[in-house]
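Student: I would like to go through the strands and helices of this model one question at a time. Please show the sequence and structure before we start.

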Amino acid sequence: MARQGVRMAMREKMVWGVPVRLLGVFAALVLLTPLVAACSSKQAAAPADDRMLVAVSIPPIADMVRQVGGEGVEVLTLVPPGASPHTYEPTPDQMRRLAKAKVLFLNGVGLEFWADKAIAAAGNPNLQVVTLSEGQEILQSDDNAAGNPHLWLSPRRAMAYVERIRDALIAADPEGEAAYRANADAYLAALQQLDADIKAAVAGFRSREMVTFHAAWAYFIHDYGLHQAAVLESTPGREPSAAEVAQIVETIKAVGAPAVFAEPQFSPQAAQVIADEAGVPVLILDPLGGTPPRETYLELMRWNLEQLRKGLGGTP
Ligand SMILES: [Zn+2]
């Protein structure tokens, strides 16, 4: 309607032949042209509207999907940064957004206790659900019959996640195959380098005795030759009893564990009490990241490696 109005006004002025008014119309056209051009070029590039919506459970998986999906995907993270996946359940509004998603990437091994509910709420028969830990060796867990879910914290397992993400994105969007393959290759090379750097760092550690908040580092410990001396919360979210605290302090002294590793998603109070009694420092290991300076998985793991180095000793 607005454009028609301009055209009519222009015709009117041509008929009447008033140069000043013509100048005004030309001025209006000159002003309008970049706006129209901007709108159409935005539509032509069109990443915002054409991107495939991909849902994930936790921030580390969100980053892996962004690395492989690049410009082609928009990522919806159901467990936001700062929340613990052991206790956080996505809101009904987040679950409803799954209705528009093409793929849902889950970690599996019982981490997404809300998955069935969310998939039902989505009411989306085209939603492809991909469980990234499937096909991998699962370590046992004291509090979870399904096993220990924290595979992503070993970069070696993360590489298998990335390969599955690549294959699932190609299946959902075959036109993007070349880009997804190129992105995955570059990202896998960076993960290989991270794996090599962790191996080299661990070789220089003075102690291999890990006292962690919960059993999040089981795969890392297993894959890089460390030892889990004690866990502060055998069930995440449940504070250790007085008897458990006393026993953990004894263990720290007995094995000479040089630090206690707390987590940003839980209160550090229990870790501080135990560390004070054992006479060792508290450091932080973050299993999730998702915000600066630990926004990407690579940033997260390199930050954690630095914490391990501070706690277990070794040359930077
Ligand atoms: Zn955990």
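Student: Which residue in S2 is the bridge partner of Val 56?

Tutor: This is a predicted model, in which local features need pLDDT of at least 70 and side-chain atom pairs count only at pLDDT 80 or more, while totals for chains, interfaces and linings use all residues. Residues are numbered from 1 along each chain as its sequence is written. Strand S1 (residues 52-56) pairs with S2 in the parallel sense over five bridges, where strands are DSSP runs (E, at least two residues) and helices are DSSP runs (H or I, at least four), both numbered from the N terminus, and two strands pair if DSSP finds at least two bridges between them. The partner of Val 56 in S2 is Thr 77.

Student: In what order do the four strands form the open sheet?

Tutor: The edge strands, each pairing on one side only, are S2 (73-77) and S4 (128-131). From one strand to the next, the twist averages 25 degrees. The pairing is parallel, and the order is S2-S1-S3-S4.

Student: What is the hand of the β-α-β unit made by S1, H4 and S2?

Tutor: A crossover is right-handed if, with the strands pointing away from the viewer, the path from the first strand over the helix to the second runs clockwise. Here the helix is H4 (residues 59-69), and the unit it makes with S1 and S2 is right-handed.

Student: What angle does the direction of H7 make with that of S4?

Tutor: Helix H7 (residues 155-172) packs on the sheet and touches S1, strand S3 (103-106) and S4. Axes are lines fitted to C-alpha atoms, for helices over the stretch in contact, and angles run from 0 to 180 degrees between N-to-C directions. For H7 and S4 the angle is about 170 degrees.

Student: How are H4 and H7 oriented to each other?

Tutor: Their axes are 10 Å apart, and the helices pack at an angle of about 55 degrees. Angles under 35 degrees count as roughly parallel, over 145 as roughly antiparallel, 65 to 115 as roughly perpendicular and the rest as oblique. H4 is therefore, relative to H7, oblique.

Student: Which residues of H11 meet H10?

Tutor: The axes of H10 (residues 242-255) and H11 (residues 269-278) come within 9 Å and cross at roughly 45 degrees. Contact requires C-beta atoms, placed from the backbone, to lie within 7 Å. On the H10 side are Val 245, Ile 248, Val 249, Ile 252 and Lys 253; on the H11 side are Val 273, Ile 274, Glu 277 and Ala 278.

Student: Where does Val 109, with its positive phi of about 55 degrees, lie?

Tutor: Most residues other than glycine have a negative phi, and most peptide bonds are trans. Val 109 has a positive phi although it is not a glycine. Its place is in the loop between S3 and helix H6 (115-122).

Student: Which peptide bond is cis, with omega near 0 degrees?

Tutor: One of its residues, Pro 293, lies in the loop between strand S8 (282-284) and helix H12 (297-312). The cis bond runs from Pro 292 to Pro 293.

Definitions and conventions
Contact = placed C-beta atoms within 7 Å.
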